[in-house]
Amino acid sequence: MGPGTIHLRVLSKLADIIARPLSIIFEKSWRLGDVPEDWKKANVTPIYKKDLKEDPGNYRPISLTSVPGKVIGQIFLGGIRSTMKHVIGKSQHRFNKGKLCLTNLITFCNKVTCSVDEGRAMDIVYLDFSKAFYAVPHRLLLDKLMHYSLDKWSAQSMGNWMTGHTQRVVVNSSFSYWQPVTSEVPQGSILGPTLFNTFISDLDDGIKCTLMKFSDDTKPSGEVDTSEGRTTLQEDLNRLEEWAKKNLMKVNKDKCKVLHLGKHNPGHHQQR
C-alpha cells in the first residue's frame, strides 16, 4: 500500500461505490491540470541489492504511491501519448511499445555477430548513468516537452503534476520525515517511464555508431578495424559525455565497461 493506506483489494471490492466520486475528481484534475496533494506522496521502501548491507547505496529505492494517483497519471498519459509517440526513437527498448529486453538482445547480437563473422573487430561500450531516474531536472524536462511540440496546456499540466511531490522512507514500521522531491521522474508512477524516455530521447542526436538503450542503460558500439572507425566511436563517446554534462547527469565510471570482440590489432587499441 502507498501513503493512502487503502489496500488494493478494498478498492477493487468497492469499485462500484467509489467510481463516481473518483471520476468527478479525475475530471476536475484534468480540467485544472492539477493533482491532489495526497496523490503526490510516496512511501520509499529500500530493497537490498548486494554487497554490504550497512551501505545505503546498496539498496534500490522502490516508491509506493497512491492507486488513484496512478489512475490520474494514466489519464494524463493518454493526453500526451500521441504527441510523444514520434519522439521516443527506435534505439529505446524499454517502456516503448513492442520494444522489450528480447528485442534489444536480438537486434544488437545480430548486428555484432554479423560483423564479427565477417572478421571485423568490434568495440562495445557499456555506459551507466548514476541514479538516472532520480537525477532528471524538472526544468530541463519541461523545456524538452515544449520543444517536442507538447501544447502549452499539457506542458503546464505536466509541470503541475511533477511539482509538489514528497516522499518518506519506510522501514518496517518506522517512518522518516516527509521530504520534497525537487528532481527525478516520480518512481512508481504511470507517467514516469514515458517522461524519462522523453528526457533521454535526444541522447542519439549526432551519434554515428550503433546505439542501443534499455531504459537508462546505454551501449554504443562500432567497428574498430580502421582509424576512422576508432575515431568515430571515440567522438560518439565524447558526444555522450557532453550530453550528460548538459543535462546534469553523471556517468558512473565504475560501472562502465568496454568489450572487445573479434581480432583486434594490439597497435589499434585505444583507451576510452
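The model is predicted, so local features need pLDDT of at least 70 and side-chain atom pairs pLDDT 80 or more, while totals for chains, interfaces and linings use all residues. Residues are numbered from 1 along each chain as its sequence is written, and side-chain values use heavy atoms, leaving out hydrogens and water.

**Exercise 1.** Work out how F26 and W39 pair, and where they sit.

Start with the rule: rings of Phe, Tyr and Trp (its six-membered ring) pair if their centres lie within 6.5 Å; planes under 30 degrees apart are stacked, over 60 edge-to-face, the rest tilted. The count comes to four aromatic pairs. F26 and W39 are 5.7 Å apart centre to centre with 55° between the planes, so the pair is tilted. Helices (H or I, at least four residues) and strands (E, at least two) are DSSP runs, numbered from the N terminus.

**Exercise 2.** Find the ring that the charged end of K144 sits over.

A charge counts if NZ of Lys or CZ of Arg is within 6 Å of the ring centre and within 35 degrees of the ring normal. For K144 the ring is F199, 4.1 Å to its centre. F199 also clusters with F129 and W243 through ring pairs.

**Exercise 3.** Is N58 buried or exposed?

Buried means under 20% relative accessible area, exposed over 50%, partly exposed in between (1.4 Å probe, protein chains only). At 13%, N58 is buried.
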